[in-house]
Structure formats: C-alpha cells, structure tokens
Amino acid sequence: MKQFLRYTLTLVAILIATTPAWAATATLGSKTQSVTTDGITFSLGGSYTINNFLVDYSYTGSEKEASLSWTVPTGYTISVSQITIYAQNDKVLFGSTGKGQYKTSKNATYIQFCNSNSWKTYTLSSSSYFPLGNDGSITMKAIDRELRWQDIVFTYTKTAHKYNIAFDANGGTGTMSNQSYVYGVSQALTANAFTRTGYTFAGWNTKADGTGTKYTDKQSVSNLSSTNDATVTLYAQWTEKTYSLTFKHDGNGTIQVGGATVNSGSNATVNHVNTKTLVATPNTGYNFSGWTLSGSNTSAVTIGNTSAASTTIKA
C-alpha cells in the first residue's frame, strides 16, 4: 500500500510601505494665465497675448518669448515629463513658414519644434530638456508666424516627501526604533518604551528642555517636516515622582523635616533623588528610640540611620 506525504505551503504577503506618487495632467487654456491642479499652480508669463496666441510675433521680426512655470506646495516634489500643445479649433499650430523654438531650465539652448505647417498638436519631451523639477521652467518663442494654440497640457508626477522620527530617551533608558512618515499622512507615534527610575513619562517634545512643540504618547501626528528624508527628533519628557510622608509621634517631642517642624499626623512631600534631614527632639525626660516605616510603597523611601535622632530620608 502506497503512502503519501502531504505538505502544506503557506504564502506570506510582505507589504512594503512606499512613498505615495501619482501621475497626472494639468491643462492651461488659451484664455487663462494660470491653472491650479492638485495644489500645483501652472502659470504663463513673458511676452504674449491672451487673444489666442501663445507668442505674438506680429510680423515685425521681433522674437517674443513666453514662459511656463509652476509653484509646488510644501512637502511635495513634482517631475514634469512633457508638455503637449494643441492648436485652436483643430487648425494647425503655425501658418505658412512659422515654427517654434523652446528651451528649459534643464537645457538653456533653444531647440526647434513644429518645423512645418501641418502640425495640429505637438509634444515637447526631449530627454535633453526634460524632466523638470519643482523649480523648472520652459521658455518658448515663435519665428515668422504666431503660435495659435488652444490648450497646453502638462504631464507630471507628484511625490510626497518622506521623513523619519527619532526618539531620544533624554535621561531615560531603553531603545526605540525610528518611525517612518509620509508628508500629508497622519500616523500615531510609536508607544513610549523608555523608562526612568523615579520619574513618570510625560510625553514628547521637539526640544530636550521641553520648550518646543509638545506631543502626547501615541498621538496621531503629521507633517513634522516638509524636507525630504529629514529626521525629526522627539525627546522624552519626565516628571519627577513625589512621595507624601505622614509623620507620627506620641506627643513627647517634636519632628523637623528639612528644617520645618511638623505636627503628628502632618504630611511632608519628598521628591525623588532629593534628600531631606529629619530631626527628632524629645521632650525633657524622654529619649529618642528610633524611626520606623509603615504603610504602602515603603520601598520607595529609605532612612539613612533609623536609630539616630538626626538622620536623612531619601525617595
């Protein structure tokens, strides 16, 4: 009898967070000087006329230039890969012997386009002149005839910046890994993993001394930096623990705590790491017999010499 072995194969999908990037287009019409798409403003400037001509040559031999530029919102990078120019009413871009030239911020040498009067649409996309980044621009001019255009379409990719948050123990102990963020996306801070003896965690701050921007543990945050690949450091903030002590005696003497006399049943506060002097002064005819601790959390407080009338207490 044959026996068969059965194997189970488990497939685990590994998901890797990537920076959001998306391709898009923006259209600048012949009657407009700017258009805002996806937070990006594309603008037309330079020597031109609004009345259906990108560049008004006016047949005088004077070459007039038109400029195309854009303004990108904080926290993002764009890459303009090409522009496409469409003629008016399905006519040709240039009449007769007209032609165009353009240059970009990437390449300042003019290159010719539309070298015949048969073009109804033309795309500028030479790898020597594109792509163009946040501070990019395009300059165009017409030669011999005006450029009759209807729309200019920008093709671009917009990418959100990435940044990291680093966590500093700021006097505490423990380790925490950096946390990755994408600009424009809210995300909860990693839960605090630092500890500090005698202190309570009190949140985060962008400055070690607590004078910067405050954040609570696991707070949802966004846009702590608009700079790509920047690292923002958050410093742990600590509140010193305090301990309330109740002093009791049988009335046959006095107790001073840090130089102040306390009555039997009165409270005194001792901060962590601070030391206070205890002085027991018995009345005439009585002797001091010692200090004893009772109650909850007695392990957090130590007395220097429980047999001495003058001793120290530390929390």
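A salt bridge is a side-chain nitrogen of Lys or Arg within 4 Å of a carboxyl oxygen of Asp or Glu. This structure is a predicted model, and it holds one such bridge.

**The salt bridge**

The partners are K158 and D38, whose side chains meet at 3.6 Å, N to O. That distance is within 4 Å. The pair joins distant parts of the chain, 120 residues apart. K158 sits in strand β10 (residues 149-160), while D38 lies in the loop between β2 (34-37) and β3 (40-46). Side chains of opposite charge can pair when their charged atoms come close.

**Burial**

Is K158 buried or exposed? K158 is buried, because its relative accessible area of 5% falls under 20%. D38 counts as partly exposed. Q179 is buried.

| Residue | Relative accessible area | Class |
|---|---|---|
| K158 | 5% | buried |
| D38 | 34% | partly exposed |
| Q179 | 8% | buried |

**Around Q179**

Q179 belongs to strand β12 (residues 179-182). Its side chain reaches the backbone nitrogen of T190 at 3.0 Å. Beyond its neighbours within four places in sequence, Q179 is in contact with several residues, including Y163, F167, L189 and T190.

**Nonpolar cores**

The largest nonpolar core has 35 residues. Within it, L68, W70, I85, F113, I138 and M140 touch the most other members. Elements giving two or more residues to this core include β4 (65-71), β9 (137-143) and β10. Strand β5 supplies the largest share, six residues.

Key:
Residues numbered from 1 in each chain as written. Predicted model: local features only at pLDDT ≥ 70, side-chain atom pairs only at ≥ 80, totals over all residues. Heavy atoms only, no water. Helix = DSSP H or I, 4+ residues; strand = E, 2+ residues; numbered from the N terminus. Buried < 20%, exposed > 50% of the residue type's maximum accessible area, 1.4 Å probe, protein only. Polar contact = N/O pair within 3.5 Å; in protein donor to acceptor, adjacent residues only side chain to side chain. Contact = heavy atoms within 4.5 Å. Core = buried A, V, L, I, M, F, W, Y, C linked by side-chain atoms within 4.5 Å.
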